[in-house]
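Please look over the sequence and the structure shown below.

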Amino acid sequence: MRAARALLGIDQKTLARMAGLSVPTIQRMEAGSGNVRGVVDSLTKVVTALEGAGIELIAEGAVSTANGRGVRLKAPPPTD
């Protein structure tokens with residue numbers, strides 16, 4: 001979510017307004033590391049808002065077929 005907000009140049013307050021959620025809800029969703037946690041309805045609202053603003057969410061291992069910029073986290077290098 002943070003990467004998507006960065007690409008759009010918006011803050012948590014703006015994303016909350018776009019998704020029809022509270023700022024604390026967005027903060028809680030972004031607070032964890034790894035997978036975003038939240039109520040399915042809230043997650044759906046965020047995804048819909050981000051996609052409506054031009055963000056393409058790419059599943060792990062999936063190929064992006066759309067044009068434009070994007071961000072993807074590669075697997076970390078193995079540690080010894």
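Helix α2 (residues 12-19) packs with helix α4 (residues 40-52) at an angle of about 100°, and their axes are 8 Å apart. Helices here are DSSP runs of H or I with at least four residues, while strands are runs of E with at least two, all numbered from the N terminus. This is a predicted model, in which local features need pLDDT of at least 70, side-chain atom pairs count only at pLDDT 80 or more, and totals for chains, interfaces and linings use all residues. Residues are numbered from 1 along each chain as its sequence is written, and side-chain values use heavy atoms, with hydrogens and water left out.

**Helix α2 with helix α4**
- Axes are lines fitted to C-alpha atoms, for helices over the stretch in contact, and angles run from 0 to 180 degrees between N-to-C directions.
- α2 and α4 are therefore roughly perpendicular to each other (65 to 115 degrees; under 35 is roughly parallel, over 145 roughly antiparallel, and the rest oblique).
- Leu15, Met18 and Ala19 of α2 make the contact with Lys45, Val46, Ala49 and Leu50 of α4 (contact means heavy atoms within 4.5 Å).
- The residues of this contact of α2 with α4 are six nonpolar, no polar and one charged.
- Ala, Val, Leu, Ile, Met, Phe, Trp, Tyr, Cys and Pro count as nonpolar, Asp, Glu, Lys and Arg as charged, and the others, Gly among them, as polar.

**Helix α3 with helix α4**
- Helix α3 (residues 23-31) packs with α4 at an angle of about 95°, with the axes 12 Å apart.
- α3 and α4 are therefore roughly perpendicular to each other.
- From α3, Thr25, Ile26 and Met29 meet Ser42, Leu43 and Val46 of α4.
- The contact of α3 with α4 has four nonpolar, two polar and no charged residues.

**The two sides of helix α2**
- Leu15, Ala16 and Ala19 are the buried residues of α2 (buried means under 20% relative accessible area, exposed over 50%, partly exposed in between, with a 1.4 Å probe and protein chains only).
- They cover an arc of only 100° around the axis, which puts them on the same side of α2 (the arc is that of the directions from the helix axis to the C-beta atoms).
- The cover over these buried residues includes α1, α3 and α4.
- Lys13 and Arg17 are exposed on the other side of α2.

**Arg5**
- Arg5 lies in helix α1 (residues 2-8).
- Arg5 counts as buried because its relative accessibility is 12%.
- Apart from neighbours within four places in sequence, Arg5 is in contact with Ile10, Asp11, Gln12, Leu15 and Glu30.
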